[in-house]
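This briefing accompanies the structure displayed below. Please keep the model in view while reading the points that follow.

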Amino acid sequence: MNDLLRLITLQDATTRTVLLGAGLLGLAAGVVGTFAVLRRRALVGDAMAHAALPGVCLAYFVVGERSFGAFLLGALIAGLLGAWCIVLIRAHTRIKEDAAIGIVLASFFGLGIALSRIIQNRPSGNRAGLDTFIFGKAAGMTSADTRLIGITAVTIVALTYLLAREFGLLCFDRAFSASIGRRVILLDLILMTLIGVCVVIGLPAVGVVMTAALLIIPAAAARFWTDRLWVMILLGGLFGSLSGLLGVGVSALAPRLAAGPVVVLVAAGIFVVSLITAPTRGLLPASVRRWRLRRRIILQNLLRAMHEANERGEVEVTEAALAAKRAWTTDQLASVLARAARSGLVVHGPMGWRLTPRGVVEAAAVVRTHRLWELYLIEHAAIAPDHVDRDADQLEHILPPDVLARLEEQLAMRERLPPSPHAIPVYEGSAAHG
Amino acid sequence: MIEGDAGKDGVAVEVHDVTVAYHRRPVLWDVDVLIPRGRLVAVVGPNGAGKSTLLKAILGLVPLASGRVEIFGHNLRGARGLLGYVPQRESVDWDFPVSAADVVLMGRYGRLGWIRRPGPEDRAAAETALRKVGMIEFARRQISQLSGGQQQRVFLARALAQDAALYLMDEPFAGVDASTERAIVDVLREMRAAGKTVVAVHHDLQTVPEYFDHVVMLNMRLVAAGPVADVFTRENLLKTYGGRLTMLEAAAEAVRAGA
């Protein structure tokens, strides 16, 4: 409990530095990750993380002791080498990218594990701290280590911000970018390097196995909330730093818990919440929208059926007659009638259901829109489907006035035009009956 | 192939002896063509005839195995700012998180450089371009919410925002509705009236005489090029589309086997 208090109040200088570092790391990963995801380089990021491990081990062989800077440099070189191998395999063989990624990821990682065992079997090997690189351990980092990570993360964010527009164009339309004279290979290389650096500074805290998750998951979660690139970058950064802060914070409280898994679990939690609840692209709002639309269409179908019965001179309609009109189950029909009755659109009379005065107006509007729309699709759709929003209820707000006037005239001639709910001049002149 | 009516001054593009190969397989062979300035030029030919590759060769997007390209008498580096490009619509991810206005604004990046942000005049140019293609009401829409024809108009607006002298368009009419087709034709004619040159890969042979002044008929080699009235003949069409699987394929196989 005391530990928790110390953590929350940030009394401990080391904890403060580690948390700040983790937050900045997450920010960088979320921001760069946005472009990794949009450029479809997410898995290459994962491969780079795994490929970095032998680099850390070789750095230990060269330096001979635990040296954070040397480890990171070794990791970066090995990671970029791994990415380069993927590019080479893809360019010069018939092997596809996914297989190339698998080959490089597994081979480099296997080599890394083998090298780390050799180091750990040496007398001084335990002090190398290589294990922290595999699963990540924030508690093992010194303030100096964290400062290096923080500064690098800030640099990554700044560079990505400066180049965000170019990266965006590269991801969206590489050929166009090249056509205006951009050196797209250089841009790709810079982006790949930023991803690589981001992965490498994530290794000590999050570990080889899970660093890529910090790159991919926050950015993918951000996509659910927005259709704007800049918002996606911001949200990706926010989700990333939340994951980093919470994950490393928990791991600092419980030192036996590696930071990597906790960071990834927090990110995954954010992702699941986004997937389900995000208003733009989330699953729940989408199914609510579908459900509402279905309810509206069923109600409109009921009103249309009643209106058509009225046109035939039947004022009251039995449920059996309504059921025969459409593929309604008894339950569906009962529920939509109950709903319409609650809204004051229909009432039950002696012979069956009838439209209330308000129901008559509403039904006329629905039928009118429906018939105009039907006629429009038949007569004009080949000319101007682009100017039509099929979801809209009010045709007069979508169709050009002259087209609407012509359609109304045609319908009126066939005596099939119900009155407009808000009488518009064109209609007044062309048809006078209900 | 030399145009009768085009002296050196009236030439927008000179493609000289260009060969392009992908993975050692040639897709354009010894193509020699002059594109006259201020004309609407169709590039026609069967699938795999190298139509897109010809555009990309002019834009410097593919390495030339041999030959050279001159644009208004300059090499590519000198002519970069004069070029506008409309790639195939299918070549990009339309689920990308940008709006129609954002895409059109990309047409201004060429003059902005890597770091400088678009200014008010760039936004104004993008707005004018969107207005010209009748898409101003859709400016804030995310691009996946646009129909195919609307997406094609957005691509055209981006090219307009480039304010280039020579436009290279890869199938601008592919998969668009009738109203978009008419809107595009109107914009192309406006461009011609303003002295711009447009080279467009085109699939609908029937509309070639109506929409275009010149035609380049391609089937890995240049079959014919010139004013539509002179070269768009049944004989040339047969040469372009008829004997596709015979000589050239065999020759290509032989080169590949020998390499």
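In what order do the three strands of the open sheet in chain B lie? The model shown here is predicted, and in it the order is β2-β1-β4, with antiparallel pairing.

- From one strand to the next, the twist averages 15°.
- Helix α1 of chain B, which covers residues 51-59, packs on the sheet and touches β1, β2 and β4 of chain B. The direction of this helix makes about 115° with that of β1(B).
- Eight bridges join strand β1 (residues 11-22) of chain B to β2(B) in the antiparallel sense.
- B:Tyr22 has B:Arg25, a residue of β2(B), as its bridge partner.
- As a general point, the strands of a sheet pair through backbone hydrogen bonds, in either a parallel or an antiparallel sense.

**Cysteines of chain A**

- The count of disulfides over all chains is zero.
- A:Cys85 takes part in no disulfide, and the nearest cysteine sulfur, which belongs to A:Cys57, is 17 Å away.
- A:Cys85 has 24% relative accessibility and therefore counts as partly exposed.
- A:Cys198 counts as buried because its relative accessibility is 3%, and buried means under 20%.

**A threonine in helix α2 of chain A**

- A:Thr14 belongs to helix α2 of chain A, which spans residues 13-38.
- Is A:Thr14 buried or partly exposed? With 34% relative accessibility, A:Thr14 counts as partly exposed.
- A:Thr14 and A:Trp225 are 211 residues apart along the chain, and their C-alpha atoms are separated by 35 Å.

**The contact between chains A and B**

- Chain B contributes 43 residues to the contact, and chain A contributes 37 residues.
- About 3300 Å² of area is buried between chain B and chain A, and carbon and sulfur atoms give 56% of that area.
- Four salt bridges are counted between chain B and chain A.
- A salt bridge joins the side chains of B:Asp95 and A:Arg281, with a distance of 2.6 Å from N to O.

Conventions:
Residues are numbered from 1 along each chain as its sequence is written. Chains are lettered from A and ligands numbered from 1 in the order in which they are written. This is a predicted model: local features need pLDDT of at least 70, side-chain atom pairs count only at pLDDT 80 or more; totals for chains, interfaces and linings use all residues. Side-chain values use heavy atoms; hydrogens and water are left out. Two strands pair if DSSP finds at least two bridges between them. Helices (H or I, at least four residues) and strands (E, at least two) are DSSP runs, numbered from the N terminus. Axes are lines fitted to C-alpha atoms, for helices over the stretch in contact, and angles run from 0 to 180 degrees between N-to-C directions. Contact means heavy atoms within 4.5 Å. A disulfide is a pair of cysteine sulfur atoms within 2.5 Å. Buried means under 20% relative accessible area, exposed over 50%, partly exposed in between (1.4 Å probe, protein chains only). Buried area is the accessible area (1.4 Å probe) that two parts lose on being put together, summed over both.
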